Amino acid sequence: MRVAMIGTGYVGLVSGTCFSDFGHDVTCVDNDLSKIERLKAGIMPIFEPGLDDLVARNVAGGRLHFTTDLPAAVAGAEVVFIAVGTPSRRGDGHADLSYVHAAAREIARAATGFTVVVTKSTVPVGTGADLEAIIREEAPDADIAVVSNPEFLREGAAIEDFKRPDRIVVGTGDPRAREVMAALYRPLSLNAAPLLFTERANAELIKYASNAFLAMKITFINEMADLCEKVGGDVQEVARGIGLDRRIGPKFLHAGPGYGGSCFPKDTLALARTAQEAGTPLRLIETVTTLNDTRKAAMGRRVLEALSVPPRGATVAVLGLTFKPNTDDMRDSPAINIVQSLVDRGVRIRAYDPVGMEEARKVLPDGIHYASGPYECAEGADALVIVTEWDAFRALDLNRLKAQLRSPIVVDLRNIYPPEDLIRRGFTYVGIGRADTARRSGMSSGD
């Protein structure tokens with residue numbers, strides 16, 4: 001099957017590459033010539049484990065192509081995916097659909113024969129109907145069906161998620177489009193992946209509702225962590241206990257500094273705005289977005305309270321900058337809020353991330369020392385903060401780490417270390433959701 005993928009960002013590049021690995025003939029399109037040239041040279045614009053090898057294999061096999069020529073890619077394609085960005089619109093929080101609308105207009109002018117146009121970008125409910133209207137305006141005689149097929153890819157595990165999905169959601173009422181989409185995803189039938197066909201509006205809502213629910217789950221356990229610190233609980237034990245309930249499950253019940261990334265922040269905000277305009281405000285989701293922003297700000301204060309010296313002139317080592325491990329994505333990372341709040345108080349920052357430092361330089365304040373590794377990052381610091389739970393940080397040589405630090409203080413915002421391991425070695429340890437840890441390290445929750 002011939003497929004065109006408009007947009008070579010995270011979703012478009014991963015999806016297009018995986019479709020080509022199924023045996024489809026895929027052309028990925030982007031208007032950024034330098035990005036296309038880098039892709040042709042095998043240089044990935046994002047970090048995703050295994051993606052570079054998968055791209056190279058399918059390019060060599062003649063199934064994956066990169067171009068800036070949208071009309072040529074679309075002409076003759078049976079399926080055209082729109083996988084362009086939908087960032088939050090400035091001023092009101094709605095999804096900015098300008099790139100989606102522009103792509104639809106170009107596709108309408110270039111399509112030949114029956115073409116299924118699929119929105120892979122995350123878009124508000126009703127976008128499919130708007131795209132149909134745009135296409136009719138541009139090309140009244142075009143034989144096109146607009147379908148919603150939201151993505152559910154986790155950064156850092158996107159290839160596995162695409163090839164072994166929990167579900168594939170396809171929104172369409174057109175029988176011809178349904179047949180085409182079933183054929184496109186037929187290779188996944190061997191894995192018995194559930195293929196859910198539904199109305200287009202439902203598919204558009206499923207994506208936003210899924211992300212909002214997961215964001216709410218994260219925010220819930222973060223609030224439980226605050227309660228644990230006050231009443232003598234351990235949030236990790238609490239999360240384990242409630243996660244064993246199959247109705248709840250253990251995923252997304254890890255307390256931390258708040259959620260970030262390309263999806264949850266903008267999608268929760270966009271869903272809340274859509275609901276407000278529909279006259280049915282989602283109070284839970286509105287509260288979630290507010291609490292998450294508050295959470296990130298509170299983490300900076302937690303680091304400042306842990307210092308044994310005045311903030312101005314102190315040095316803090318920050319391990320992990322990306323919003324999660326196995327990605328270089330800095331969008332809405334808690335590290336941005338934490339670092340900025342420390343810099344505002346006159347703290348000097350030493351930082352290290354295994355793959356995210358190039359992207360971090362674009363969004364973090366000037367004057368940060370970017371280290372070559374975790375031990376060099378800790379050198380001479382008055383405290384060390386673990387912001388992102390990279391595997392490389394899970395088994396550090398604690399004796400060496402202590403020797404590098406000026407003050408043996410560790411603020412573990414991901415709870416990746418048992419408190420006893422550090423306290424036994426003479427560290428002051430500050431975790432998340434553990435009142436007993438704060439006492440044993442000589443601190444109180446009110447300090």
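Me: If axes are lines fitted to C-alpha atoms, for helices over the stretch in contact, and angles run from 0 to 180 degrees between N-to-C directions, why are α5 and α6 called oblique to each other?

Reply: This is a predicted model, in which local features need pLDDT of at least 70, side-chain atom pairs count only at pLDDT 80 or more, and totals for chains, interfaces and linings use all residues. Residues are numbered from 1 along each chain as its sequence is written, and side-chain values use heavy atoms, without hydrogens and water. The axes of helix α5 (residues 98-110) and α6 come within 9 Å and cross at roughly 40 degrees, where helices (H or I, at least four residues) and strands (E, at least two) are DSSP runs numbered from the N terminus. Angles under 35 degrees count as roughly parallel, over 145 as roughly antiparallel and 65 to 115 as roughly perpendicular, the rest being oblique, so α5 and α6 are oblique to each other.

Me: What makes up the contact of α5 with α6, and of which hand is the crossing?

Reply: The crossing of α5 past α6 is right-handed, a name used if the near helix is turned clockwise from the far one by less than a right angle, with left-handed for anticlockwise. From α5, Val100, His101, Ala104, Arg105, Ala108 and Arg109 meet Leu131, Ile134, Ile135 and Glu138 of α6, contact meaning heavy atoms within 4.5 Å. These residues divide into six nonpolar, one polar and three charged.

Me: Why does the oblique class also hold for α1 and α3?

Reply: Helix α1 (residues 10-21) and helix α3 (residues 51-60) have axes that come within 9 Å and cross at roughly 50 degrees, and α1 and α3 are therefore oblique to each other. Here α1 passes α3 in a left-handed crossing. Leu13, Val14, Thr17, Cys18, Ser20 and Asp21 in α1 meet Leu51, Leu54, Val55, Arg57 and Asn58 in α3, and by class this contact has six nonpolar, three polar and two charged residues.

Me: Why is threonine 122 called buried, and what does its loop position put it in contact with?

Reply: Buried means under 20% relative accessible area, exposed over 50%, and partly exposed in between (1.4 Å probe, protein chains only), so threonine 122, at 7%, is buried. Threonine 122 lies in the loop between β5 (115-119) and α6 (127-138), and, leaving aside neighbours within four places in sequence, threonine 122 is in contact with Thr86, Glu151, Lys207, Tyr208, Lys266 and Asp267. Cysteine 263 is buried too, with a relative accessible area of 17%, and cysteine 377 is buried at 0%.

Me: What makes arginine 178 and arginine 345 partly exposed?

Reply: Arginine 178 has a relative accessible area of 45% and is therefore partly exposed, and arginine 345 counts as partly exposed because its relative accessibility is 42%. Arginine 178 is in helix α8 (residues 175-184), and, neighbours within four places in sequence aside, arginine 178 is in contact with Thr172 and Phe197. Arginine 345 is in the loop between α13 (334-344) and β10 (348-352), where, with neighbours within four places in sequence again left aside, arginine 345 is in contact with Leu304, Pro311 and Arg312.

Conventions. Ala, Val, Leu, Ile, Met, Phe, Trp, Tyr, Cys and Pro count as nonpolar, Asp, Glu, Lys and Arg as charged, and the others, Gly among them, as polar.
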